[in-house]
Amino acid sequence: MWSLDPPAITARHSYDACVGATKDPGRRRLLLAAGDSVEAASERFRRAAHSGTLHELPGTGFTVPGIPAEEAVRWVYGNGMVNTRNGRAIYDQLMAAPADERCPLCGHGVVRTLDHYLPKRMFPALCVDPLNLVPACADCNHAKGESLPVSAETTLLHPYLDHIDNDPWLTARVVVTNPVWLEFYVSPPPTWGPLLADRTRHHFELFGLAELFAVQANRTLNNIRQHLTTVLVAGGRELVRAYLKDEAATRLAHRLNGWEGVTYRTFASDDTFCSGAFSL
Ligand SMILES: [Zn+2]
């Protein structure tokens with residue numbers, strides 16, 4: 001939903017760094033011997049991700065050879081990446097990628113964890129593959145859970161691979177009820193094909209972004225209502241609109257599809273709102 005540069009760390013480098021410090025010699029030997037197989041699994045993952053066929057990946061074939069899935073995740077990800085120095089350095093580097101610690105999945109929450117794009121329990125061979133590790137806020141991590149793409153249309157946007165930041169796709173409309181509120185939705189630009197539009201809508205729905213953004217817009221309105229009232233009395237509807245447009249412009253220049261800028265832009269474009277419906 002909000003793009004990140006793909007990690008420069010290779011899957012093999014990450015795996016070797018994570019398992020290389022395993023204390024038990026027998027376990028370390030077993031893990032290191034699985035390196036080629038893990039690397040091959042990562043390559044299959046990459047090919048599928050780039051060709052839009054992640055939904056066709058089988059639920060098998062992504063194990064760490066000779067190690068049950070639960071143990072592989074515990075040894076490689078839990079012990080190897082989260083709790084040892086070399087692995088933790090990679091973890092921290094991936095976590096630090098988003099500007100302002102902003103979750104790339106919702107564009108709002110604070111990054112708290114690494115989300116496994118393909119669930120680690122079903123794809124243990126990818127449990128420390130950087131391409132499969134997306135920094136995320138706790139809400140998005142929870143909302144996604146172990147969901148899997150079941151079709152091309154239900155394949156979630158991937159921050160490392162899907163770059164839609166420069167296309168205006170987020171929009172909203174003012175709903176004049178009491179209280180007034182904003183309804184956010186995906187409005188795909190004409191340059192998009194139907195698949196990208198469907199994937200973006202699916203992403204928007206799975207993470208509950210319409211509700212999240214509406215709540216934030218409502219808070220924004222509560223914070224500026226008194227000022228809008230003053231401006232309306234002083235200069236009427238068009239002065240209210242000019243203020244809101246200015247506020248929108250600086251936010252949209254920073255993030256074209258941020259809820260902040262879209263909120264102000266939507267307020268500014270609505271005659272009823274600018275004429276005083278913000279008081280409802
Ligand atoms: Zn989030």
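# Loops, helices and domains in a predicted model

Reader: Is Asp100 buried or exposed?
Author: In this predicted model, Asp100 has 7 other C-beta atoms within 10 Å. A residue with 12 or fewer counts as exposed. Therefore Asp100 is exposed.

Reader: What is the phi of Asp100?
Author: Asp100 lies in the loop between helix 5 and strand 1. Asp100 is not a glycine, yet its phi is positive. The value is about 60°.

Reader: How many C-beta neighbours does Glu101 have inside 10 Å?
Author: Glu101 also lies in the loop between helix 5 and strand 1. Its phi is positive, about 55°, although Glu101 is not a glycine. Glu101 counts as partly exposed because its C-beta neighbours inside 10 Å number 14.

Reader: Which residues of helix 5 are buried?
Author: Helix 5 runs over residues 85–95. To be buried, a residue needs 20 or more other C-beta atoms within 10 Å. In helix 5, the buried residues are Gly87, Ile90, Tyr91 and Leu94.

Reader: Why are the buried residues on the same side of helix 5?
Author: Gly87, Ile90, Tyr91 and Leu94 are the buried residues of helix 5. They sit on the same side of helix 5 because they cover an arc around the axis of only 100°.

Reader: Which exposed residues does the face of helix 5 turned away from its buried side carry?
Author: The buried side of helix 5 is covered by elements that include helix 1, helix 4 (69–82), strand 1 (113–116) and strand 2 (133–136). The face turned away carries exposed residues. These are Arg85 and Asp92.

Reader: At what angle do helix 1 and helix 3 pack?
Author: Helix 1 spans residues 11–19, and helix 3 spans residues 35–51. Their axes are 9 Å apart. The crossing is right-handed. The packing angle is about 145°.

Reader: Which residues in helix 3 does helix 1 meet?
Author: Helix 1 brings Ala11, Arg12, Tyr15 and Asp16 to the contact. By class, the contact holds three nonpolar, two polar and three charged residues. The partners in helix 3 are Gly35, Val38, Glu39 and Ser42.

Reader: What distance separates the centres of domain 1 and domain 2?
Author: Domain 1 covers 11–144, and domain 2 covers 170–279. The distance between their centres is taken over C-alpha atoms. It is 37 Å.

Reader: How many residues of domain 2 are in contact with domain 1?
Author: Domain 1 contributes seven residues to the contact. By class, these are four nonpolar, two polar and one charged. On the side of domain 2, the count is eight.

Reader: How far apart are the C-alpha atoms of Asn83 and Thr191?
Author: Asn83 lies in the loop between helix 4 and helix 5. It is partly exposed, with 13 other C-beta atoms within 10 Å. Asn83 and Thr191 are 108 residues apart along the chain. Their C-alpha atoms are separated by 45 Å.

Reader: What share of the residues of the protein count as buried?
Author: The protein has 11 helices and four strands. Its C-alpha trace spans about 80 × 35 × 30 Å along the principal axes. Of its 280 residues, the buried share is 37%.

Definitions and conventions: Residues numbered from 1 in each chain as written. Predicted model: local features only at pLDDT ≥ 70, side-chain atom pairs only at ≥ 80, totals over all residues. Axes fitted to C-alpha atoms, helices over the stretch in contact; angles between N-to-C directions. Helix = DSSP H or I, 4+ residues; strand = E, 2+ residues; numbered from the N terminus. Left-handed = near helix turned anticlockwise from the far one by under 90°. Contact = placed C-beta atoms within 7 Å. Nonpolar A, V, L, I, M, F, W, Y, C, P; charged D, E, K, R; others polar. Domains from an automatic or database assignment. Arc of directions from axis to C-beta.
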